[in-house]
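This briefing describes the fold of one chain and its contact with a neighbouring chain. Please read it alongside the sequence and the structure.

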Amino acid sequence: MVSHTSNTQNPAKHVRASPWLIALYFVAHIALDAVSYVQPVLKLGITPLSPQTGLVLAFLYAYRGNFGWVAAAFLVAEIVIRGIPMHSWILPLQAISITAVYQGAAWLLRHKIPMDDVATLSGTLKFIAAAAATAITAGTVSVGLYTLANLIPADQFASALARFWVGDLNGILLLTPLLLRVADAPSLLRALIAQPAAFVGILLGLFAAFTLVFLVGNPGDLRFFYLFFVPAISAALIWGIPGFLMAALALQISLVVGVQRLTEVAPLVDLQFLMSTLLVTGLALGAVVTERENSARLALQREKQLRDSESNLARASRAATTGELASTLAHELNQPMTALVSYLRASEIMMADGNRNDARLGPTLRKAADEALRASDILRRLRNFYAGRDPQLESLDLQPIIEKLVEALRRSERTGVESIVMRMDNALPAVIADRVFIEVILSNLLTNALDATAGRSNAVIEIAACRSGKTVLLSVDDNGRGMSEQLRRDLFKAFVTSKADGLGVGLAVSRSLAEACGGELRLAESSLGGAKLELALPIDDVRGELP
Amino acid sequence: MKIDPMIYLIDDDAAIRDALMLLLNLRGMNAEAFSSAEYALAKLNRDSRGCVLTDLRMPGMSGLELLAEINAREINLPVVLLTAHGDVATTRAALRGGAFDFLEKPIDEDILVDVLTHAISEDARGHQKRLQTETQLARINTLTQRERQVLTLLGRGLQNREIAIELSISPRTVEVYKARMMEKLDCSSIADVVKMSLLLDSLTRS
């Protein structure tokens, strides 16, 4: 599968070309004209092959303000390659008018048929139509001028125009999309390598067709040309438009080489008409393939997005039903607690009796331990319930996570959110943690702080993050009502809460989540007068140690 | 026949049954454990003495349903409910349904023992009262027609003379009926007689 410039980069940037690029264009233009100067009409630039037109259109499409350079390139090519300084009045005129035609075509493509659309069938067909119109206009202007200047006999106008037209058309169809897709080359290369058998097969096919057309039998026998369709169309079917363009490029080069090998006047113009057919067919087929691939990828992306948003939704609704779940969980957790407390009290009574040899004491204590384990198991399940899975440790930047969370709180229009201030160290190193776990912990801490400061006019909640040795300390401090000595002691126990409607699992779960990330959640000394909780997370050694 | 008070412990959680049984035994209380309300009901009857200690949330019959069933069968045992994370609605339903008390898990052992002791003595007192009433009713049943009439009229506060007029008999005869009636009912004062007449009233009304 070959990826294409995504629509986010659309419309293509329309910038000025650097001097180097202009120079490169200039040289390439003249070079392309020179190598394709075969079988001209009366030593004029009317050949059945004009790859430079594709270059011109791509250049004008991608960069603005190059009219003069393009016109100059046309003129210089004419003089250098064909050496016709006479009729000096007609050459600049022809160069300028043909540049004007291509400038117009570039404008049309930019505004009506952006090249990103040449990945869909309709966009590709429009592009082909525009290319045909451009070529016929350029041909009419060019050949018309030559005819007016009596360089071409009037009766040869039609055949010269046909020759000109097919040359320009093929140049545009082949080179313009190819050049504008240069950025895609690496992904195309990967796609080619991914199917080496097909790649080799197509190369062999091209070579076989080349052999039959030019090397054996009656050289230039056009009947064999159709053999070129097999590898070219195969490339279109396998790799879409980019693959087809590569095959067509190879084919076009071999045509030029082959034709120059022929001793007789070979009908390159006829070959070029066949080439046009092949280009149109291949582009259309390739577009269908590419379009299908793109929509499949898009569907895959959508599906992934949907899955992500669904899992977010599931998490949100889990949080929403926490109240309902509270009594279920409390019941579940209270079972082992009840048994545990009873076993321990029983043990105490056995010992107080002075009857330390009570054979039941040992088993009772063991049963008590079992119940404690059962309770912690339930707590672990509770943690998994919150996070839905085992921790997935990754390198994380805390700042965006914190900002996102605070932003979400702001959007929820929870009262007191405006009192949140952030104090982050610059260049905070990345940490190793589970993103969802961190979000749950932080959201718990913020909720607690908001509850503790609720109703205060001068409420302040400070989120701070700084580096401390091998860890990053993330703290949430507030100037709320603080905590009693009792609460401070029992803070991380499950079902300990100072809230009337609280379940008392937030910090217990948060601590368990922090520990699952290899971190630590602890109570710190508040500098604002309320409560401060501090989350220590290990620094990502690989990424974090970088300056 | 005297029956020892028994704590009927019902909880679907084996560990809790085990732990509480151990604890109650160590505190010198008789207890019997059941894993479901249904099993307990099969064992309980009107002669059962002691109290029921049941979990609220259980598969099958819940603690509240057990309470209702105990009331319906006139088993007359105090029911103490155990709950995790007690909520107001359940508590109210339980108390309206006649629960003796309501304990939250995990249970403070001292409170548990205290509540259970109270429940058992409440049951004993209730049982005593019921026994007494039964005895008294049995005695009332031994009264003759005339003796009953005298009892009823005495209960209304009538004097011997007025009763004599009411029943068209001599005051002397009223004296005789009254003496015999008081003897049969084991009454030593007029206050006892009034109580008995109230009992008779409630008997005739029901």
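Of the 206 residues in chain B, 42% are buried, meaning under 20% relative accessible area (1.4 Å probe, protein chains only). The model is predicted, so local features need pLDDT of at least 70 and side-chain atom pairs count only at pLDDT 80 or more, whereas totals for chains, interfaces and linings use all residues. Residues are numbered from 1 along each chain as its sequence is written, chains are lettered from A in the order in which they are written, and side-chain values use heavy atoms, without hydrogens and water.

**Chain B**

- Chain B holds nine helices and five strands, taken as DSSP runs (H or I, at least four residues; E, at least two).
- From the N terminus, the order of elements is β-α-β-α-β-α-β-α-β-α-α-α-α-α.

**Interface of chains A and B**

- The contact (heavy atoms within 4.5 Å) involves 22 residues from chain A and 21 residues from chain B.
- Four salt bridges are counted between the two chains, each a side-chain nitrogen of Lys or Arg within 4 Å of a carboxyl oxygen of Asp or Glu.
- A:Arg345 forms a salt bridge with B:Asp110, where the closest N and O atoms are 3.9 Å apart.
- On the side of chain A that touches chain B, helix 11 (322-352) and helix 12 (361-387) of chain A each give two or more residues.
- Helix 11 of chain A gives the most to that side, with 16 residues.

How values were computed: Buried < 20%, exposed > 50% of the residue type's maximum accessible area, 1.4 Å probe, protein only.
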